[in-house]
Each structure stands twice: as C-alpha cells, then as structure tokens.
Amino acid sequence: MLRRSRVLFLQLPTTVITTPAKMKPLRELVTQPVPLSFYDSLEKRIRPFTLTEGQDQVRWYSCGPTVYDASHMGHARNYVTTDILRRLIKDYFGYQVRYVQNVTDVDDKIIIKARHNLLFEQYKRRHASDWREQKHNIEAWWVAYRQKFLGHVDTEAGAWAANVPKARDVSSFPKDQMSIDTLTASAAILSGDSTPQDIDHYLDPLKDIIIFGIDTPDQVISNEDIFKSSKDLTTYWEQKFDEDMANLNVLKPDKVVRVTEFMQAIIDFVQNIIKNGFAYEANGSVYFNVAQFISSGHDYAKLKPSTMSASTDALLAEAEGSLSTQISHAKKSQRDFALWKASKSGEPYWQSPWGEGRPGWHIECSAMASCEFGSSMDIHSGGEDLTFPHHDNELAQSEAAHGCHEWVRYFLHTGHLHIHGMKMSKSLKNFITIEEVLTTGGMTSRTMRLLFLSGKWRGRVDYNDDLIKGVRTTEQKFSEYFVQFKALLNSSSSDSTVQDDSLQKSLQQCRDDVDAALANDFETPQMLGLLRDLLSEANKTLSSERPPIQTLREVTEYFTRLFEIVGIDAAEDGVGWQLEAQNESLLQEIQRVAEYRQQIREVAIKPLESSSRTTLDDIMTRFNDLTVLSPELLDFRTSLGTLLSSPTYTNQEIMTDLDNFRDYTLVNMGIALDDKKDSFILKSGNREELISKREQKLQEGREKAAKREETRRREVEQLERGKVPAQEMFRADAQYLRFDERGVPTHVRDADGQETAVSKSLSKKLAKEYGAQEKLNKKYNEWLLATQ
C-alpha cells in the first residue's frame with residue numbers, strides 16, 4: 001500500500017480556515033502598541049496624531065479630480081496611497097473616519113477642453129465632404145505648431161519620421177516631449193502614401209494640430225453650447241474616474257461634493273470674505289487681498305513660506321487659469337488671487353452679486369469643505385503639487401472667512417510618480433492611463449498597490465522596470481506561500497496541532513515591529529520588508545517533515561488581515577489574497593497527473609522487482625482511468641503507458657520519462673515542479689523565465705558532463721600507460737644492455753658505444769621509475785578485470 005504523498009500546489013479546491021466570528025483587532029495582538037505619529041506638511045515634522053477635543057471621528061477632506069481627461073498612473077499614486085493611509089487610520093489604528101472628497105467640474109482646463117471638442121466636431125461636420133482636400137491647410141498648421149513650440153527645429157513633416165528631434169533639458173523645456181509626440185503622430189498621417197478612407201481615422205490623430213490652427217478669437221461658441229459641452233465632458237470623465245478607482249479597489253468617499261452643486265454656498269463664502277475685509281471686487285471679479293491678510297496678523301503660504309521670496313509667477317498664473325489672463329490686470333497685487341471670475345463670452349457662468357461669472361479654483365474647496373466640517377477639520381490631503389498655491393490659498397481664504405488661525409490641523413501631501421525623470425501629468429501628456437495599465441499593461445490593482453506600498457507615501461516613486469520587477473517578485477513569493485499553505489491544509493497526512501516556538505516568536509516580533517513602523521509615519525516599505533522576512537521563515541517550516549500548521553495558520557492569518565487592511569482583498573476562503581484568474585480546471589488536472597507521477601517515481605526510484613512491476617501496473621491502470629483533457633498531459637500519459645507496457649523497461653527509462661515531464665512538458669506550460677524526498681511542490685511561473693532556468697540548468701549539466709568526460713579521458717590515458725609490465729618497460733630501449741632479475745637496467749651504452757655499468761644516481765632513478773610503473777600496471781590490470 002503506497003503512502004499518500006504530501007503535495008503542495010498553486011491552486012486547490014476551496015479550503016476555509018474557520019476563525020471566530022469576532023477576531024481581535026490586529027493591534028490588540030501587539031505587545032505594546034505605539035501611538036500614531038505622521039508627517040504634517042504644516043509643521044514640517046512628524047508629530048503625534050490626536051483628535052480634536054470633543055470629537056469622536058477624524059474629519060478628513062481630500063482634493064479630488066478635475067474631470068476633463070483620463071486618469072493616469074500619477075492619479076493612481078495619489079488616490080491609492082491616500083486610500084492606504086485612510087484604511088490604516090480607520091482599520092488598523094481604529095479611528096472613526098468621515099472622508100469627504102470633491103470633484104472639480106468647473107475649471108479653465110475643462111472649459112478649454114469642452115471648447116476644443118466643440119470646434120473639432122464643427123470642423124469635421126463642415127468638411128465632411130471635402131476632408132481629403134484639407135491636407136494643405138493642416139500641413140501649414142503643422143509647420144506653425146512646430147515653429148511655436150519647437151522653434152529650434154526646421155524638419156518638415158515628410159522627413160520628420162527619419163529625423164525626430166530629441167527633447168531638450170526637462171527642467172528648462174518640460175513640454176518639449178509633448179510637442180514632439182504631437183508632431184510625430186500627425187506627421188505620420190500627413191506623410192503617408194495613401195489617405196485613409198475614413199474621416200475619423202484621418203482627422204482624429206491630427207486633432208491637436210487642427211485645434212491649434214482653428215482655435216482663433218473669431219470662433220464664437222455660445223454660452224449654452226459650452227455649458228452643455230462642459231457638463232457632458234465632466235459627467236463622462238467623472239464616471240470613468242469612478243470606474244478606475246473601483247478597479248484599483250479604492251474605497252468610495254463617505255461623501256462626494258461637486259462644485260456645480262455648491263455654487264450658492266461658494267458665493268456666500270466669497271461674500272463673507274469681502275465682509276471681513278480680505279477681498280475686493282474689480283470689473284466683475286473678486287480677488288483675495290494677500291497684503292491685507294498678512295497685515296492682519298495671519299501667516300500666508302504656511303505650507304511653502306519660500307514662495308514669498310522666490311519667483312512664483314508661473315505657478316500663480318497656472319493656478320489662476322489660462323482663461324484669466326485678460327481679467328487679472330485689475331488685481332491690486334500680483335499675489336492676489338481670484339475668488340470669483342467674471343465670465344467672458346463663450347464661457348459658462350452663474351449669476352452673482354458681481355455679475356455673471358464662475359468660482360476661482362481655490363475657493364471651491366474652501367467653501368465645500370467648510371459646508372461639511374465648519375471652521376476646522378482634522379486632515380486635509382492631496383498631491384504634493386497642490387501645496388502652493390492651491391492649498392496655501394485655501395488656508396488663507398478659509399481663515400479669512402472663519403476668522404481663525406487654524407482651519408486644518410494636519411496636512412498630508414502624497415509624493416509624485418515619475419516616469420523618465422518627469423512628473424506624470426495631463427498637461428505634459430506623458431502619462432499612462434490607469435485603464436491602459438490594468439487592461440494591456442500587464443499589471444493588476446494588487447501589483448499597483450504593492451508598488452505604492454513599497455515606496456514612502458510622501459516620497460517620489462520612479463515608475464520603471466526594475467521597480468515593477470521587484471514588486472512582482474514579492475507578489476509571486478506571497479502567492480506561492482498562500483497556495484502552498486492551502487495545499488498543506490488539504491493534505492491527509494497533515495497534523496493541525498503542530499506548533500513551532502521559534503516561528504511563533506518571529507511572528508510576535510513581526511507584529512510588534514510592523515506596529516512600530518506603521519505608527520512612525522506609515523512606514524509601509526519597512527512593513528513589507530518585515531513581512532518578507534517572516535515569509536522566509538514560514539517557508540522554511542512549510543517544507544519541513546512535520547510542518548507546524550497551527551503556527552503557520554496564525555502567520556497566514558496575520559498576512560491576510562494586514563494585506564486586507566491596506567486594501568488587498570482576501571481570497572473568498574479567507575486564506576491569503578485572491579489569486580489571479582487562471583484556468584483552474586487545468587491546474588487541478590496538472591495536480592492530479594503530478595500525483596500519479598509521484599506515485600510512480602516512489603516505486604521507480606528503488607530497485608525494480610516483480611512486485612514493483614505489479615504495483616506500477618496498478619498505478620498505471622488507475623492513471624488511465626483519470627479524465628485528462630490537456631493534450632500535453634495526455635501525451636505524457638501515453639508515453640509513460642507505452643514504456644510500462646514493455647517487458648524490458650528499466651528504472652532509468654522511467655525516471656527519464658518523469659524528468660522530461662517535469663523539465664519540458666510542465667515548464668512549457670508555465671509550471672515549475674520541485675521534487676522533494678517524498679513529495680513535490682508545484683508553482684506557477686513565467687514560461688520564458690522557467691525555460692531560461694531549464695536551459696541554464698541543462699547547460700550546467702552539459703558542462704559538468706564534459707568535465708567528467710575529460711577527467712575520465714585523462715584517467716584512461718593514465719591507465720593505458722600502465723599497460724606495459726614493469727619488467728618489460730626498459731627492455732625495448734636499445735641504450736640498455738643488461739638487466740637484473742626484475743628487469744631494471746644494470747648496464748648502459750655510453751656515448752662511445754661502449755658497455756658501462758649504470759651510475760649510482762641513474763640506478764636510483766631507474767628503480768623509482770620501475771616502482772611507479774609497477775603500480776600503474778597493477779591498476780591497469782585491476783581496471784581491465786573490472787571492465788571485462
């Protein structure tokens with residue numbers, strides 16, 4: 001009767017770990033929990049977190065998206081990271097959190113994008129019948145675009161593909177690459193040998209160039225049209241943003257606030273600032289009076305005081321919006337910023353005490369956050385690019401409205417995601433969309449979350465192949481552990497009561513160290529490092545003869561719950577995280593075939609006897625009864641069955657068949673099989689990497705075999721020298737004339753041809769050679785006898 005082998009595999013039937021209905025919070029398992037502290041951008045230091053006296057929840061406002069284009073990986077960096085912090089504060093540190101996030105659906109960028117969409121659709125309708133004849137105009141616009149944005153380049157569209165220029169210094173010319181990409185994409189259409197048959201395929205890739213050519217002041221669009229176009233644009237992109245966040249497993253805000261739904265509240269907020277003496281009206285717009293604010297004893301630019309002395313004209317202009325340049329001349333100071341903007345023709349507007357207009361960017365968040373939380377909140381968050389002027393201006397106008405000096409108690413600013421050394425942004429068009437990454441970029445939401453967990457939440461993350469490879473390695477190791485632990489639970493030979501004191505101690509130390517890391521400014525990179533260390537120890541005990549299932553259960557539960565806290569969902573059975581969608585039936589089929597292979601291997605690894613052959617026949621009979629659908633697995637079974645039906649098969653032939661299944665069939669299917677003493681482990685892997693490892697292993701084997709062959713050749717060569725008996729070795733040499741009874745020369749022919757006795761030194765030398773040959777001859781005869 002064969003002993004059932006313990007098998008560890010990638011995917012098994014659902015195994016549920018039964019746990020108490022109410023588990024202790026993870027922090028209650030820590031020996032001595034550390035109080036939470038984190039970096040506050042206001043005070044520029046890590047400081048203890050406390051709730052406002054009399055409050056029982058964290059009041060948190062987060063700057064949300066400006067919805068006019070696809071969300072990209074830079075947004076993912078901010079929102080996933082903020083989601084991790086929110087989950088940690090709520091689910092690990094145990095605070096009640098009310099989380100409010102805005103949607104900016106009124107903004108100069110939105111208006112410009114809506115206008116461009118309208119102009120482009122009008123252009124396509126106007127030239128629906130003669131669009132092929134527009135090439136000359138578009139080529140002229142292409143040249144004008146190149147001259148404006150890349151004046152140092154004089155390459156024509158027809159020669160552009162062969163002479164694409166390189167972008168200049170990023171810090172001095174950040175938009176060079178965007179301009180190059182636009183010109184490159186459009187040049188490919190303009191210089192093509194054939195014109196596309198479809199207007200959309202021809203004009204859509206040329207949109208940026210066409211817009212550059214047709215967006216002139218004489219192109220009038222009605223307020224009603226721009227309002228509707230803006231609404232359609234923001235509604236569409238807000239829905240796409242929500243879909244992206246759901247795909248990234250980002251928790252929904254407790255409340256979403258939109259600018260268009262708070263217009264009266266914004267107007268009231270502006271009026272209050274005017275009443276308090278910190279704002280003034282000019283030509284239908286309202287501006288915040290920075291000088292008056294400072295002279296009244298308030299601190300301006302709390303987050304970035306250096307901006308008070310540094311040149312910030314570009315930042316200030318960007319914050320005001322590109323449509324505001326014509327109205328900003330009415331400001332008393334360049335540092336004053338718009339609370340309300342008078343709308344021009346072709347721009348959406350709302351009625352106000354100052355005429356038709358729309359809110360400034362900064363006032364929107366101040367008013368909406370104040371509607372939700374009043375004159376004080378605990379946490380305000382956003383990307384680090386919002387510190388100045390947006391958040392600094394938010395603070396100033398909110399303090400001015402509420403008559404306070406602390407509107408926000410803690411400010412959190414997440415770090416940027418960089419690609420090719422530059423911040424990823426819509427304005428530079430150097431972004432990879434979230435949808436692209438998740439659908440065609442080979443990355444899952446879990447991989448992305450692990451990527452951001454591996455970097456400091458407020459630091460820079462460089463999106464590159466090395467970072468992604470490291471994160472995927474970590475992900476793979478944890479996935480393999482989880483599935484191997486599930487397999488262990490399903491093994492009939494496992495003992496669920498076995499514990500390991502050393503692993504138990506390491507688990508407790510990990511709990512304590514992770515708590516200290518998270519409490520010290522949310523050190524998630526350190527947390528991951530500690531978990532990897534614990535994983536290494538767990539893996540060692542997992543493959544031992546008597547795995548400590550009880551302790552491993554606690555380790556697995558800790559991994560599962562901690563990952564779930566930071567936003568990586570647990571598997572349905574509660575063991576580890578959810579594995580990626582795979583062909584489960586195929587994996588289970590591989591497992592069953594591998595189990596029969598293991599049974600055959602345990603017999604074939606020992607000397608074959610008649611009883612062994614009977615056992616193999618029995619195993620093969622049951623193996624043939626197994627339903628197998630995969631052609632690769634069927635081929636293996638057929639080959640093995642053919643071999644075992646031969647009356648003269650050998651152990652070596654069986655083992656070769658089994659090894660080929662491991663090294664070729666499974667590897668080509670992306671599965672690695674690791675043979676143990678009385679069990680095996682199956683793991684999924686990258687097919688190309690597994691093949692590369694196999695070829696490397698085979699090459700090493702060939703090199704070892706070549707070395708063995710060379711050693712053997714030298715040994716045979718040495719043995720062949722012993723073929724001549726010692727008694728005969730000197731007799732064939734004509735210089736020796738007489739010999740003793742052993743055959744050692746006693747007389748030699750001298751230089752004159754005369755016989756002379758060998759010298760004492762030569763006699764000693766010849767005797768030594770005789771002794772050596774005698775030994776070689778003995779070894780030769782022994783070898784000859786053994787090979788006969």
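How far apart do the C-alpha centres of domain 1 and domain 4 lie? In this predicted model, the C-alpha centres of the two domains are separated by 40 Å.

**View 1. Division of the protein into domains.** The assignment gives domain 1, which is made of two segments (26-102 + 431-566), followed in the list by domain 2 (109-221) and domain 3 (254-414). The remaining parts are domain 4 (581-685), domain 5 (692-720) and domain 6 (723-787).

**View 2. The contact of domain 1 with domain 4.** Here 4 residues of domain 1 touch 4 residues of domain 4, and the area buried between domain 1 and domain 4 is about 360 Å², with carbon and sulfur atoms giving 42% of that area. On the side of domain 1, E480, Q484 and E545 together supply 68% of the area that this domain buries against domain 4, which is more than any other three residues supply.

View 3. The residues with which domain 1 touches domain 4 comprise 2 polar and 2 charged residues and no nonpolar ones.

**View 4. Packing of helix α24 with helix α25.** Helix α24 (residues 687-720) packs with helix α25 (residues 760-787) at an angle of about 115°, and the axes of the two helices are 8 Å apart. From α24, the residues Q718, L719 and E720 meet L776, K779, Y780 and W783 of α25. By class, the residues of this contact divide into 4 nonpolar, 1 polar and 2 charged.

Methods
Residues are numbered from 1 along each chain as its sequence is written. This is a predicted model: local features need pLDDT of at least 70, side-chain atom pairs count only at pLDDT 80 or more; totals for chains, interfaces and linings use all residues. Side-chain values use heavy atoms; hydrogens and water are left out. Domain bounds come from an automatic or database domain assignment. Contact means heavy atoms within 4.5 Å. Buried area is the accessible area (1.4 Å probe) that two parts lose on being put together, summed over both. Ala, Val, Leu, Ile, Met, Phe, Trp, Tyr, Cys and Pro count as nonpolar, Asp, Glu, Lys and Arg as charged, and the others, Gly among them, as polar. Axes are lines fitted to C-alpha atoms, for helices over the stretch in contact, and angles run from 0 to 180 degrees between N-to-C directions. Helices (H or I, at least four residues) and strands (E, at least two) are DSSP runs, numbered from the N terminus.
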